[in-house]
Amino acid sequence: MTAPPPPSVRARRGPPLSGTTLVPGDKSISHRAIMLGGIATGPTSIKGLLESEDIAATMAALKAVGASVRHDPQTQNWTVEGPGLENLQESDSVLNMGNSGTSARLLIGLLGARPMTSFFAGDASLQKRPMGRVIEPLTQMGLTFMARHQGRLPLAVCGKGPLRPINYRLPVASAQVKSAILLAALSIEGTSTVIEPIPTRDPTERMLRAFGADIHVEKTAAGTHAIHLQGRPKLTGQKINVPGDISAAAFPLVAALLSEGSAITLQNVGINERRAGLITSLLEMGGNIALENKRTHGGEEVADLHVKGSKLHGITIEKERAPSMIDEYPILAMAAACAKGTSRFKGLEELRVKESDRLTLVAAGLRQAGVDVAIEGDDLIIHGNGMPPKGGALINAALDHRIAMSFLILGMLTDQPITIDDASPIATSFPNFIPLMTKLGGNIA
């Protein structure tokens, strides 16, 4: 794996970006490939897996309950072989999720529904993130918990009692909560249903189907989406090709759009319509983005993104788009700071419970860099004047990888450099971020 970035990193204005590159594999798909491969019967071969600290946490947990995970350094492929869902073993030690909220929430559902007790812990950042929205429906399914206030880690979960399927309407749009319920439902006889008022990212449904689960989605008369999963399926190992992560592609994509004269190509990027809200938004802002060579790999749509420097303008984004781009709002805010006119991003309450309070941190960092920005309720309002702000800020990234990367991208454009206090968390999702950006022409060191 790539060496982690040093704690303090500075970005300076540089030449236009150019070149062709691959971004790391999709983090959401990588997590789920390891998890389902780890409980399926037979080997699962994974090409393009994201090799990051978050994925390593998921790997370690599956190994601890009986799965085998092997890496071939020649082909760069990973092979996961599970004992079958019914043969998972109780871990002898606490399962450390590191900084990964995805690992924590999904594995609490997957392992918590087994007839054993599992203990989960995480780093200082993850311990601040409430797990209550996952604990509530899982408790209704019969899982029992011992946890701190608001369900914060460390916690223990046990599935030794009688478990039952659930019919659950999500109170907030959350792919992680949906996935935790579906993964728990694998262990429970009968059909569990999750109802989504607003569709969220769907890699869990797609991958469960690929591994052989009986799962189908219907649009109800009320306009919601109902996902039905039949419990106790026979899952069989698969061959998985992981597309490039749109959340990682977002950083060089925005950097190229904002740098006059830039022209880059990002190959093999996943463009699942439930993940591609960022592309839609940047196109609406006037971005020159061409999606070419569209194809399907393993049930996921992918394309090559050709990106050229553009003059962007402010837009309003309604809250209904948030589930398709919730992780991309920090980098989109950097684009809005350089665009001409006012941008208003509505309904960003979910940003407050990520690795940090991203809504507050984005606004504070932009103010430091000289941007006119405000928060009204859960809306972020950014007033751009059509050019990069002055910069010259030292940003407190609060151990948040996306905050760190977003402000380093802004620092590549501002008059004065921008420094991140601690860039080491970047390794959780994009270990080669600095080398990749440097290869394209970025000035980050």
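**Note on strand pairing, cores and helix packing**

1. Thr 41 has Pro 83 as its bridge partner in strand E5. Thr 41 belongs to strand E3 (residues 41-47), which is joined by six bridges to E5 (residues 77-83), the two strands running antiparallel. E3 is also joined to strand E14 (residues 239-241), here by three bridges and in a parallel arrangement. In that pairing, Lys 47 has Asn 241 of E14 as its bridge partner. Strands are taken to pair if DSSP finds at least two bridges between them; strands (E, at least two residues) and helices (H or I, at least four) are DSSP runs numbered from the N terminus.

2. The model is predicted: local features need pLDDT of at least 70 and side-chain atom pairs count only at pLDDT 80 or more, while totals for chains, interfaces and linings use all residues. Residues are numbered from 1 along each chain as its sequence is written, and side-chain values use heavy atoms, with hydrogens and water left out.

3. The largest nonpolar core has 79 residues, of which Leu 282, Tyr 329, Leu 332, Leu 366, Leu 380, Ile 382 and Phe 433 touch the most other members. Helix H7 (residues 246-258) gives the most to this core, namely eleven residues. A separate, second core holds 66 residues, among them Ala 104, Leu 126, Met 141 and Leu 170. Such a core is a set of buried Ala, Val, Leu, Ile, Met, Phe, Trp, Tyr and Cys residues joined through side-chain atoms within 4.5 Å; buried means under 20% relative accessible area, exposed over 50% and partly exposed in between (1.4 Å probe, protein chains only).

4. Apart from neighbours within four places in sequence, Ile 382 is in contact (heavy atoms within 4.5 Å) with residues including Ala 333, Ala 336, Ala 337, Phe 345, Leu 366, Val 371 and Val 373. Gly 341, Thr 342, Ser 343 and Asp 372 are also among the contacts of Ile 382.

5. Helix H4 (residues 132-140) has Val 134, Ile 135, Pro 137 and Leu 138 as its buried residues. These pack against helices H3 (101-112) and H5 (175-185), and against strands E8 (144-146), E9 (155-158) and E10 (167-169). After H4 comes Gly 142, with a positive phi near 110°.

6. The axes of H3 and H5 come within 6 Å and cross at roughly 30°, which makes H3 roughly parallel to H5. The axes are lines fitted to C-alpha atoms, for helices over the stretch in contact, with angles from 0 to 180 degrees between N-to-C directions; those under 35 degrees count as roughly parallel, over 145 as roughly antiparallel, 65 to 115 as roughly perpendicular and the rest as oblique. The crossing of H3 and H5 is right-handed, that is, the near helix is turned clockwise from the far one by less than a right angle. Residues of H3 including Arg 105, Leu 106 and Gly 109 meet residues of H5 including Ser 179, Ala 180 and Leu 183.

7. Backbone exceptions deserve a check. Most residues other than glycine have a negative phi, and most peptide bonds are trans. The bond from Leu 153 to Pro 154 is cis, with omega near 0°, and Pro 154 lies in the loop between E8 and E9. Gln 76 has a positive phi near 65° and is partly exposed, with a relative accessible area of 41%. Leu 399, with a positive phi of about 60°, is partly exposed at 40% relative accessible area.
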